[in-house]
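Try each task before you read its solution.

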Amino acid sequence: MNVSVPINHTQAESDLIDRFEDARAGLPGSVAVAALREAAISQLRERGLPHRRVEEYKYSDLRAFLKSAAPLAAAAQEEKLESLLKDQNAFGDLDRYRIVVANGSFLDSHSDVEDLAREGVVVSNMGDALVGETGAQLLAMPKTAPNDGVIQLNTAFVQGGVVIDVREGVELSKPIELVQLAASAGAQAVRHRISIGKGAKLRLLETFVGNAGDGELNTVFDYDIADGANLASTRLITGSISATRLITSIATIGADAEFKSLGFIAGPRFARNQQFINFTGENSEAKIYGVNMAGGEDLADQTLIVDHAVPHCNSREFFKTVLDGRSKGVYQGRINVAPHAQKTDGEMMTQALLLSEGAEMANKPELEIFADDVICAHGATSGQIDEDLLFYLRARGIPEDEAKTLLVLAFLSEAIEEYDEEDVTDRLEERVREWLAGH
Amino acid sequence: MLEIKNLHARIAEDETEILNGINLTVNPGEVHAIMGPNGSGKSTLSYILAGKDDYEVTEGEILFNGENMLEMEPDERAAAGMFLAFQYPIEIPGVATMEFLKTAMNAQRKARGEEQLSIPDFMKRVKAAASHLNVSMDMLKRPLNVGFSGGEKKRAEILQMSLLEPKLCVLDETDSGLDIDALRIVSEGVNKLRSPERAMVVITHYQRLLDHIVPDVVHVLSKGRIVKTGDKDLALELEKNGYADYVDTAA
């Protein structure tokens, strides 16, 4: 039907195709997995990286941004890991389990596998699982997921990750931190499959630490939330000024279930947090929050699609963006309501605060509604710091920088507080302060 | 303490002249009232003292304890002891009142090279001041001024004033929007702060407030100049006869 015209590959695209040839023999997986990888790299070969003419990447032109592509990171050297983990501990002394993925591969030795098993959570190596019979099933996307260039890139290169299985009815005593560590330079492609059994409850902290160098980091979280289950995911996307972070969630939500997430971006040169959320059972709820910060020449992109495929589900999307320097913020949010998804309740809001003249925000909230008995709303605002508020604080003796910090924190805290995960609230606000101090 | 010499000022944006040569000296321990009709420049004067950059001083100077006040940033003025009780205290969503008080007190202490307050010490001070002003703990937990009634906002201003212990208090129409009970509570709060080391400038339309906060000196401001100065009886006379005697009716 379509005649594909060969495209001229950019340096980064040529690099990626070469890297794939170099790496393919060493990448884990069954014959079926290898075929999925092959199909994914063919798509890259044909279409190139996602670019501004692809609607979903209109404001975040990955093709133009990536000048080259680094080889996949080599296996991490164990001796360095503990000190790296200790140095970059985003959640301080918060009591939690830990699962470590370093340079793309699951590290059993640094993860609390046995303690988690006692709680009813089975953690296994995605790299091993890909070799097994169900490997291709793990790597394949749900039918509802879009054909997305970043996910395809992940499929082609995936090195490893974890498969977490929270058994039916299990409620963990504390959260799990899933740390993705860059112990040395190089790209990483990581895939996690996280299943929350019926009536089970998991609080997940997702962090990305280490010196990622110039290599891009591409991680896909594939959540399967069963009936009556509950997942709260706090995602902290941080990184150095040269870091590229492409993080994707695919969430499939059963009946009477709850999915809550907060995507926090601060620091990377190019960060995209994209979430594809699909309701498959009735009476469920998704609450999606975002705290989005960018300065310098950074780009911070929060993109999501919530598919109300069934009736009687609620979704709430609340995103806050703060921009400084010549940075760019992107919010693309779409709520789809299928023809029979009556009684859907969807409410989406995105608000941006611009601290400089050169910063730019692209807000794109969308509703696509085919049912007639629904409540859906969306809104978007962009503004500057209110000079009258600033003057009031300064007139009380608070220096300008501190007063700005207070106001920015107040702006962002609305989303953090509504996310309402008490034990992480203070630590997230601390991260905001840290980011502001650097800008 | 405060010396205003031949102060001329205008609105920065459209260059409308507001103040046309104000001279005013306020000594420690004194309470000065500034009265005048709408548009005479009372609020502008208070904003210029606090350092709002919507106004531009074109002539004259302001000395605060001998220092050139016009060269100081708003937060530096506050740390040096200047306090403006706003006519319309602003709502600051997301900033808890308690957190704001602690930040402001410690910022001023830091600027003056003093120790930061310990949490128990801070709490003790807040509780004591709040009880005098009938400010509840519930109010202190709420975001600053958000959802406060008019009276609550003014009480919160005076609470800040007592905690920050300024040298110069400028009260801009603190009586506006207050009922009789609230006026009494606020005035008592202000009177408690009267001391030989502290000066006050009370800006008001009405003599009513001056029954509660009795001034040493009363000035009448008209068209950006002080046109008459007297003792507290001047306020009574204004209440009776209005401002007509002091305002150039030909204008």
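This is a predicted model: local features need pLDDT of at least 70, side-chain atom pairs count only at pLDDT 80 or more; totals for chains, interfaces and linings use all residues.

**Exercise 1. Count the helices and strands of chain A, and find how its radius of gyration compares with the globule rule.**

Solution. Start with the count: chain A holds 11 helices and 19 strands. Next, take the radius of gyration, which is 21 Å for chain A, while the globule rule gives 22 Å for 439 residues. The two values are close, so chain A is as compact as a globular protein of that length. Along the principal axes, the C-alpha atoms of chain A fill a box of roughly 70 × 55 × 45 Å. Burial comes next: 52% of the 439 residues of chain A count as buried. Finally, look at the contacts in chain A with a separation of 6 or more: 84% of them join residues 24 or more positions apart.

**Exercise 2. Trace the open sheet of nine strands in chain A and state its strand order.**

Solution. At the edges are strand 3 (121-125) and strand 18 (360-369) of chain A, each of which pairs on one side only. From one strand to the next, the twist averages 10°.

Now pick out one pair. Strand 14 (residues 299-308) and strand 16 (residues 328-337) of chain A run parallel, paired over 10 bridges. To find one of these bridges, go to A:I305, whose partner in strand 16 of chain A is A:R334.

Helix 8 (residues 149-157) of chain A lies across strand 6 (188-196), strand 8 (216-225) and strand 10 (244-253) of chain A. Its direction is at about 95° to strand 8 of chain A.

**Exercise 3. Which residues have the most contacts inside the largest nonpolar core?**

Solution. The core has 204 residues, and those with the most contacts inside it are A:L181, A:I225 and B:F83. Helix 10 of chain A supplies the largest share of this core, nine residues. As background, nonpolar side chains in soluble globular proteins tend to be buried together. Now zoom in on A:I225, setting aside neighbours within four places in sequence: among its contacts are A:I196, A:L231, A:A251, A:I253 and A:F259.

**Exercise 4. Describe the side of chain A that touches chain B.**

Solution. First, the numbers: 17 residues of chain A are in contact with 19 residues of chain B. Two elements of chain A give two or more residues to this side, helix 9 (387-395) and helix 10 (400-419). Helix 10 of chain A gives the most, with seven residues. Sorted by class, this side of chain A has nine nonpolar, two polar and six charged residues.

**Exercise 5. Where do A:D256 and A:N283 lie, and are they buried or partly exposed?**

Solution. Begin with the backbone. Most residues other than glycine have a negative phi. A:D256, though not a glycine, has a positive phi of about 50°, and A:N283, also not a glycine, has a positive phi of about 60°.

Then place them. A:D256 sits in the loop between strand 10 and strand 11 (258-266) of chain A, and A:N283 in the loop between strand 12 (270-279) and strand 13 (285-294) of chain A.

Last, check exposure. A residue needs 20 or more other C-beta atoms within 10 Å to be buried, and 12 or fewer to be exposed. A:D256 has 18 C-beta neighbours inside 10 Å, so A:D256 counts as partly exposed. A:N283 has 16 other C-beta atoms within 10 Å, so A:N283 is partly exposed too.

Key: Residues are numbered from 1 along each chain as its sequence is written. Chains are lettered from A and ligands numbered from 1 in the order in which they are written. Two strands pair if DSSP finds at least two bridges between them. Helices (H or I, at least four residues) and strands (E, at least two) are DSSP runs, numbered from the N terminus. Axes are lines fitted to C-alpha atoms, for helices over the stretch in contact, and angles run from 0 to 180 degrees between N-to-C directions. Two residues are in contact if their C-beta atoms, placed from the backbone, lie within 7 Å. The radius of gyration is taken over C-alpha atoms; the globule rule is 2.2 Å times the number of residues to the power 0.38. Ala, Val, Leu, Ile, Met, Phe, Trp, Tyr, Cys and Pro count as nonpolar, Asp, Glu, Lys and Arg as charged, and the others, Gly among them, as polar. A nonpolar core is a set of buried Ala, Val, Leu, Ile, Met, Phe, Trp, Tyr and Cys residues joined through C-beta atoms within 7 Å.
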